[in-house]
Amino acid sequence: MTPQSSTTATGARQPAALVLEDGRIHRGTAFGASGTTLGEAVFTTAMSGYQETLTDPSYCRQIVVTTAPQIGNTGWNDEDGESLLDGRDRGGRIWAAGLVIRDLSRRASNFRARRTLEEEMVAQGIVGIADVDTRAVVRHIRDAGSMKAGIFSGEDLADDETMLAAVRDQESMAGANLSGEVSTDEAYVVEPADGTEARYTVAALDLGIKSNTPRMLAARGCRVHVIPHDSTLQDVLDLDVDGVFLSNGPGDPATADAAVHLTKEVLSQGIPFFGICFGNQILGRALGLETYKMRFGHRGTNIPVVEKATGQVAITSQNHGFALRAPESDTWDTPWGTATVTHLCANDGTVEGVALSDGSAFSVQYHPEAAAGPRDAADLFDRFVGLLGSAGAGSATTGKGTN
């Protein structure tokens, strides 16, 4: 079915409603496609980068509320998408379930823009709501926590009880196993930048990988094999890799038993390992830690993280609603040696990184690929590549780069 616009023939905007599972309803106007979308209501504090946010597979089944008041001013381009659309970049597939904003920009003004945000949302069938007091929505989510929600517009705008019943009847994010929904079906290769010869080969397990991540590794001379979420150790070994990377992704890490099992096998093989976001939670589970669902998570491009070994603070891009439960001691024993907590969130003390003390495996909860976001943590890719080329991994997780 062709997606329907949320404007009438006269150009007037249709009414829309954002319905939260606790019964709170926010009225506004429809934009993007018209209809119904369901998901978990979360908020992002990023002031820019809405295209990267919407196309990040980690936002699968989530309705994104923006704290920035005006959205859409830079339009939509064909370069900044963080996922593939029809097998190509082409602006990226939108994985977010819906978008909640205050003001929709009246025009798109950027030299790279090819169309407006609303045009892209209509083309991809993404339902949005504008003219909402997003400050009130965000304050409520901060107090009550992320929750089930729905956006209803057009012919789907029904009475309050009907809409609320639909919202409450949807699957919870807790216990959701979503890696299979967002992962690639077939392995593909990202070659080193500028056609240079590959120095190393890396297997990147796609649990919802963002497009810029393999590019960051390729820019450092790595041939990156992006492999499906259900790949086995033999699949990895067949590639004769120098290292293994675990990507970001959506869903509850407590359901990702297959990825945890693969991680344990990789550690037992002594293959250098690097994980981010969901990959951090997977490594943590493999090392014996538990995960839990946060009240409202960390989503934005301005989250401060402290590296414990150096005391340095990086401003990071993050998108996660689950986290590793802090161990009783900052170091603990594992089958592969001593493990340690390496990074903490400066805002709330959340565990933001773990590693084996010998440096052979490390991970962080944030997004060093910086799409969108600051580039403070890009040196983590240098550390990983330095680990690939060294006989001993020792300082890979605590130094300032090993190249």
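Axes here are lines fitted to C-alpha atoms, for helices over the stretch in contact. The structure above is a predicted model, so let's work through it with that in mind.

**Exercise 1. Describe how helix α8 packs against helix α9.**

Step 1. Two packed helices are described by the angle between their axes and the distance between the axes.

Step 2. Find the pair: α8 covers residues 257–269 and α9 covers residues 278–286. Their axes come within 9 Å and cross at roughly 65°.

Step 3. Classify the angle. Angles of 65 to 115 degrees count as roughly perpendicular, and α8 is therefore roughly perpendicular to α9.

Step 4. List who touches whom. From α8 come D257, A259, V260, T263, K264 and L267, and they meet I282, L283, R285 and A286 of α9.

Step 5. Sort this contact of α8 with α9 by class: six residues are nonpolar, one is polar and three are charged.

**Exercise 2. Classify the ring pairs that F274 makes with F362 and with F384.**

Step 1. Begin with the total: the model has five aromatic pairs.

Step 2. Take F274 and F362. Their ring centres are 4.7 Å apart and their planes stand at 20°. Planes under 30 degrees apart count as stacked, so this pair of F274 and F362 is stacked.

Step 3. F274 sits in strand β14 (residues 273–276) and F362 in strand β20 (residues 361–364), so to speak two distant parts of the chain, 88 residues apart.

Step 4. Check burial, for which the cut-off is under 20% relative accessible area. F274 counts as buried because its relative accessibility is 0%, and F362 counts as buried at 3%.

Step 5. Now take F274 and F384. The ring centres lie 5.4 Å apart with the planes at 45°, so this pair is tilted. It links strand β14 to helix α10 (residues 379–388), with F274 and F384 110 residues apart. F384 is buried too, with a relative accessible area of 0%.

**Exercise 3. Decide whether helix α10 is mostly covered or mostly open.**

Step 1. Count the buried residues: nine of the 10 residues in α10 are buried.

Step 2. Name them: D379, L380, F381, R383, F384, V385, G386, L387 and L388.

Step 3. Conclude: α10 is mostly covered.

Technical notes:
Residues are numbered from 1 along each chain as its sequence is written. This is a predicted model: local features need pLDDT of at least 70, side-chain atom pairs count only at pLDDT 80 or more; totals for chains, interfaces and linings use all residues. Side-chain values use heavy atoms; hydrogens and water are left out. Axes are lines fitted to C-alpha atoms, for helices over the stretch in contact, and angles run from 0 to 180 degrees between N-to-C directions. Helices (H or I, at least four residues) and strands (E, at least two) are DSSP runs, numbered from the N terminus. Angles under 35 degrees count as roughly parallel, over 145 as roughly antiparallel, 65 to 115 as roughly perpendicular and the rest as oblique. Contact means heavy atoms within 4.5 Å. Ala, Val, Leu, Ile, Met, Phe, Trp, Tyr, Cys and Pro count as nonpolar, Asp, Glu, Lys and Arg as charged, and the others, Gly among them, as polar. Rings of Phe, Tyr and Trp (its six-membered ring) pair if their centres lie within 6.5 Å; planes under 30 degrees apart count as stacked, over 60 as edge-to-face and the rest as tilted. Buried means under 20% relative accessible area, exposed over 50%, partly exposed in between (1.4 Å probe, protein chains only).
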